[in-house]
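Please open the model in your viewer and keep the sequence beside it. The tour goes from stop to stop, saying what to select and what is there.

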Amino acid sequence: MNIDHHPNDELLLDYSSGALDEGWSLAIATHLALCPDCRQAVRDMEAIGASFMECLSPSSVSTATSEAVFNQLSDDAAPLSELDMARRGSAEAPPILPEPLRGYIGGDVDRVPWQRLGLGAFQYRIPMKEQGLAVRLLKIPAGRPVPAHSHGGLELTLVLSGSFSDATGSYKRGDIQEVDETLEHQPHVAVGMDCICLAVTDAPLRFSSFAARLVQPFIGI
Amino acid sequence: MLQEYIITQRCQEWITRSSIFSYLRDPEDCFLRILVMNNVAFLEKFYDLNSNLASSRRKLKLIQVNHSCVNNSKKSRPGLNSASSNREESVIDSMDDRLIAVATSRDREAYRTLYEHFAPRVKSFLLGKGSSPEVAEEAVQEAMLNVWRKASHFDPSKAAASTWIFAIARNTRIDLLRKENRPALDPNDPALVPDLPAPAFETVSAAQEANQIRERVAALPAEQQDVLRLAFFEDLAHSDVAERLGIPLGTVKSRIRLAVRRIRNEIGDSE
């Protein structure tokens, strides 16, 4: 599976440095699960961070802190990663939702408490500790257009199943689309398979059509 | 083909502690990565130990355990000052070995060395991010305990010890100070798309890559270093970095992109 659309370097750098808020980080980390190239990029960026950290002049750590640490070291074996067991145990198809997204949902797509949006579309708003970002899973039926809209801010959309396309290209599982206020687009979901995607926005969408604007307050987009 | 590679004493000890099995990632297609030097007999024994795994069409990759041996076997890398970088590499490699010793044999002496090197730097990192000294102490404690607890997750084929500990410090800080989850991928997730198999005998280890990255960061033009440093250490949004440096936001973004590309694109060029 080749991924054509990646997050840009600034987003990956902010993820690597820890500056990115939880909602954006969720989209990036879930993309990383599907994209070995970006995982390598993040490892390289973490190595950049480590090289800066190594260059800092050391600050002395209090004896109390050091004693507290050494007193708490337990001889219990460091837990081995559970992956061998997890991998061996699972002969069935891998989940559609990768971690860390699956953990936020509490299960795979069959566990999503979908809310009806109308026109066959569904959404689930993922609760976040931080306010200010809207983080949601969307399910748009195969072959349907989403009403044309622009954005008040930044929107990241990560495709998890199915695909959609708009004037900027075609997006399938693992692809991430970054859209800002300069783009008005009308995504169109490909026929054959519903499109499930994770969408993170920091401002409400602006629909171009009067009818869509009328229902917007009721459907919570 | 494998006979060309020989195993050192040190490498042998390390592997016979069977610790290597904790680095088995995906037993289906991904495998151990060892750089083997100096001992064919050991290699055969190693194959015996792993006969159950080697029986199917699984690839054997080799972990680089003894990086100083790598240096001997490698062609000289252009652009590297071998005297100073060898010294630095030996410090860093020994950190990798110590972290492995903590993971595999709960080695307190090894941990003490790691603690003495990294705890003061983790504290500087946290202070630089704006933590008060009290909060920084608390976060250092938690981060360094996480190093002990999570040591078995360290994978020397993926990251140098310093990189791994940087990531632990960053995550601990987010968990503790922002009271927020840090969404992080789960390397065990069956939905994870695995890394492409590395070449069977990859000659650049994660620790060496970290060294190359460090050298490239140091070689960046000052203006690019500044934006990277601010992004990593001041927790500033890019717009705030722009304000701080008195340059347009677009310039901040393009410097970040240039710097990252310069550092990343060159990785591997010297192979």
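Select R106(B), which sits in the loop between helix 5 (82-105) and helix 6 (108-128) of chain B. Helices here are DSSP runs of H or I with at least four residues, strands are runs of E with at least two, and both are numbered from the N terminus. R106(B) is not a glycine, yet its phi is positive, about 45 degrees. Most residues other than glycine have a negative phi, and most peptide bonds are trans. Is R106(B) buried or exposed, or something in between? It counts as partly exposed because 17 C-beta neighbours lie inside 10 Å. The cut-offs are these: a residue is buried if 20 or more other C-beta atoms lie within 10 Å of its own, exposed if 12 or fewer do, and partly exposed in between, with C-beta atoms placed from the backbone.

Before going on, note that this is a predicted model, in which local features need pLDDT of at least 70 and side-chain atom pairs count only at pLDDT 80 or more, while totals for chains, interfaces and linings use all residues. Residues are numbered from 1 along each chain as its sequence is written, and chains are lettered from A and ligands numbered from 1 in the order in which they are written.

Next, select P100(A), in the loop between helix 5 and helix 6 (101-105) of chain A. The peptide bond from E99(A) to P100(A) is cis, and its omega is near 5 degrees.

Now show helix 8 (residues 161-177) of chain B together with helix 3 (residues 36-55) of chain A. Two packed helices are described by the angle between their axes and the distance between the axes. Here the angle is about 90 degrees and the axes are 8 Å apart. Axes are lines fitted to C-alpha atoms, for helices over the stretch in contact, and angles run from 0 to 180 degrees between N-to-C directions. Helix 3 of chain A and helix 8 of chain B are therefore roughly perpendicular; angles under 35 degrees count as roughly parallel, over 145 as roughly antiparallel, 65 to 115 as roughly perpendicular and the rest as oblique. From helix 3 of chain A, the residues making the contact include R43(A), E46(A) and M53(A), and from helix 8 of chain B they include S162(B) and F166(B). Two residues are in contact if their C-beta atoms, placed from the backbone, lie within 7 Å.

Stay on helix 8 of chain B: 13 of its 17 residues are buried. Just after this helix, K179(B) takes a positive phi of about 50 degrees.

Zoom out to both chains. How many residues of chain A are in contact with chain B? There are 60, and they meet 74 residues of chain B. Helix 3 of chain A supplies the largest share of chain A's side, 15 residues.

Select S17(A), in helix 1 of chain A. It counts as buried because it has 24 C-beta neighbours inside 10 Å. Apart from neighbours within four places in sequence, S17(A) is in contact with G49(A), A231(B) and F232(B). A231(B) and F232(B) are among the buried residues of helix 10 of chain B. The buried residues of that helix pack against helix 1 and helix 3 of chain A, and against helix 11 (238-245) and helix 12 (249-265) of chain B.

The last stops are strands of chain A, which has 7 helices and 11 strands. Strands of a sheet pair through backbone hydrogen bonds, either parallel or antiparallel. Two strands count as paired if DSSP finds at least two bridges between them.

Select strand 5 (residues 155-161) of chain A, where 6 of the 7 residues are buried. It pairs antiparallel with strand 8 (residues 176-179) of chain A over 4 bridges, and antiparallel with strand 10 (residues 195-201) of chain A over 6 bridges. Click T157(A): its bridge partner in strand 8 of chain A is Q177(A), and in strand 10 of chain A it is A199(A).

Finally, find the open sheet of 3 strands in chain A, with order 7-6-9 and antiparallel pairing. Strand 7 (169-171) and strand 9 (188-189) of chain A stand at the edges with a single partner strand each, so one side of each has no neighbour in the sheet. Strand 6 (residues 164-166) of chain A is joined to strand 9 of chain A by 2 bridges.
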